[in-house]
Amino acid sequence: MASPIEQFQIKPIIPVINFTNSSAFMIGAAAVIVGGLLYATRKRAVVPGRAQSVAEVLHDFVANTLVDATGKEGMKFFPLVFSLFMFVLTANLLGMIPGFFTVTSHIIVTFALAMLVIGTVVVYGFVKHGTHFLGLFVPSGVPGWLLPFIVVIELISFLSRPISLSLRLFANMLAGHIALKVFAGFVVSLLAAGGALTILAPLPLLMAVALMALEFLVAALQAYVFTVLTCIYLNDALHPGH
Amino acid sequence: MAQAQTTNATTEAHGGAHADVGFPPFETETYGGQLLWLAITFVVLYTLLSRLVLPRLSGIIENRRTMIAGDLDDAAAMKTRAEEAGAAYEKSLAEAKGRAQTLAQETRAKLSAESDAKRKALEADLNQRLADAEATISGKKAEAMSHVDAIARDTASAIIERLTGKAPAPQKVEAALNQIKA
């Protein structure tokens with residue numbers, strides 16, 4: 001039986017241009033997002049149908065998340081946040097289809113997305129506020145002798161953001177898919193073992209079904225968590241004074 | 001176990017270079033390709049979403065919002081118009097009521113004046129007749145009283161004639177009556 005981590009293998013499709021199964025599913029996710037949203041909004045109906053309602057709910061959901069965290073001026077980052085949310089959500093959900101590759105189960109992908117967020121925060125922070133952006137590391141109302149420690153702690157906390165942001169998504173996707181594979185594997189093993197053990201085979205199957213439901217929740221939840229944290233970090237770039 | 005090994009062997013045969021699987025997410029030689037395609041995909045996705053999809057989606061939502069706001073404004077304007085019409089109606093109703101009231105008052109005053117005049121004329125007429133009647137009565141009474149003497153004289157003459165068999169001298173009767181009246 002195949003190893004539980006076999007599903008994460010990168011398999012070349014067109015080696016010359018480094019096009020792999022991962023690349024295919026990235027493009028697939030993007031195609032699903034753009035195609036789905038264009039299809040949903042094709043009628044531009046004032047009274048939306050089902051598909052258009054979903055598109056509008058997604059739009060309003062991300063917009064509300066962003067505005068709640070950063071205020072109205074954060075809407076200039078809306079395309080970025082919406083792209084990130086839709087990409088992570090779609091990649092996570094596409095990975096739930098049996099046999100499909102999960103783009104976000106690779107640390108390099110989630111880390112790249114996290115660095116995109118932190119990079120945006122740092123670049124925008126310095127461009128907009130100059131050195132005042134460094135005030136992010138110096139909270140107001142802290143006694144002088146405590147300040148060096150606080151600055152160090154704030155700096156470490158800031159630097160660990162891309163790591164925690166990327167690790168959270170990566171680890172959730174990886175662990176969920178491994179657990180699913182392991183329990184599905186138990187079903188096969190028990191059936192193959194024969195005798196009394198065969199009777200037990202439905203138990204891991206039930207577990208796999210329950211895990212599947214949980215993984216769908218995790219897939220959507222991690223996309224949301226990634227988006228909320230992105231909004232909170234962007235808020236630091238917009239209002240470094242807090 | 002034997003079965004597992006066979007499957008593994010098949011995988012090796014198919015997988016080729018990936019036969020000796022490490023932990024795929026930590027295989028650094030795949031990073032370059034993933035980053036390259038992630039960058040391409042995400043830039044294209046971002047561009048399409050920000051240039052094409054999101055303006056359309058926001059446009060739909062914004063369009064609906066302005067349409068609803070416009071409809072609400074229209075409704076508010078119509079409500080104001082309806083209220084104005086209502087106020088105008090109330091006003092004209094009040095005017096009509098006022099006019100009706102003055103008209104009624106005038107009519108009542110006219111009617112009462114007329115009836116007053118009639119009543120006065122009637123009273124005067126009645127008084128006149130009363131006075132006439134009283135005058136007639138007193139005339140008749142005086143006339144009757146003037147006849148009383150003659151009747152008394154004739155009666156006395158007749159009584160005396162019956163008692164004595166001979167008519168008395170009128171002067172004597174006259175004198176006797178005057179004596180009694182005095």
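A residue is taken as buried here if 20 or more other C-beta atoms lie within 10 Å of its own. By that criterion, in this predicted model, buried residues account for 33% of the 242 residues in chain A. The C-alpha atoms of chain A occupy a box of roughly 75 × 55 × 40 Å along the principal axes. Chain A contains 7 helices and 2 strands, and their order along the sequence is β-β-α-α-α-α-α-α-α.

Just past the end of α5(A) comes Gly194(A), which adopts a positive phi of about 75°.

Turning to the partner chain, 34 residues of chain B are in contact with 39 residues of chain A. On the chain B side, the elements giving two or more residues are α1 (2-15) and α2 of chain B. Of these, α2(B) provides the largest share, with 24 residues. Sorted by class, the side of chain B that touches chain A comprises 22 nonpolar, 10 polar and 2 charged residues.

One helix pair between the chains can be described in detail. Two packed helices are described by the angle between their axes and the distance between the axes. Here the axes of α1(A) (residues 21-40) and α2(B) (residues 31-164) come within 9 Å and cross at roughly 0°. Angles under 35 degrees count as roughly parallel, so α1(A) is roughly parallel to α2(B). From α1(A), the contact draws on Ser22(A), Ser23(A), Met26(A), Ile27(A), Ala30(A), Ile33(A), Val34(A), Leu37(A) and Leu38(A). An α-helix has 3.6 residues a turn, so residues three or four places apart point the same way. From α2(B), the contributing residues include Gly33(B), Gln34(B), Trp37(B), Leu38(B), Thr41(B), Val44(B), Leu45(B) and Leu48(B). Leu49(B), Val53(B) and Leu57(B) of α2(B) also take part. The residues of this helix contact divide into 15 nonpolar and 5 polar, with no charged residues.

Key. Residues are numbered from 1 along each chain as its sequence is written. Chains are lettered from A and ligands numbered from 1 in the order in which they are written. This is a predicted model: local features need pLDDT of at least 70, side-chain atom pairs count only at pLDDT 80 or more; totals for chains, interfaces and linings use all residues. Axes are lines fitted to C-alpha atoms, for helices over the stretch in contact, and angles run from 0 to 180 degrees between N-to-C directions. Helices (H or I, at least four residues) and strands (E, at least two) are DSSP runs, numbered from the N terminus. Angles under 35 degrees count as roughly parallel, over 145 as roughly antiparallel, 65 to 115 as roughly perpendicular and the rest as oblique. Two residues are in contact if their C-beta atoms, placed from the backbone, lie within 7 Å. Ala, Val, Leu, Ile, Met, Phe, Trp, Tyr, Cys and Pro count as nonpolar, Asp, Glu, Lys and Arg as charged, and the others, Gly among them, as polar. A residue is buried if 20 or more other C-beta atoms lie within 10 Å of its own, exposed if 12 or fewer, and partly exposed in between; C-beta atoms are placed from the backbone.
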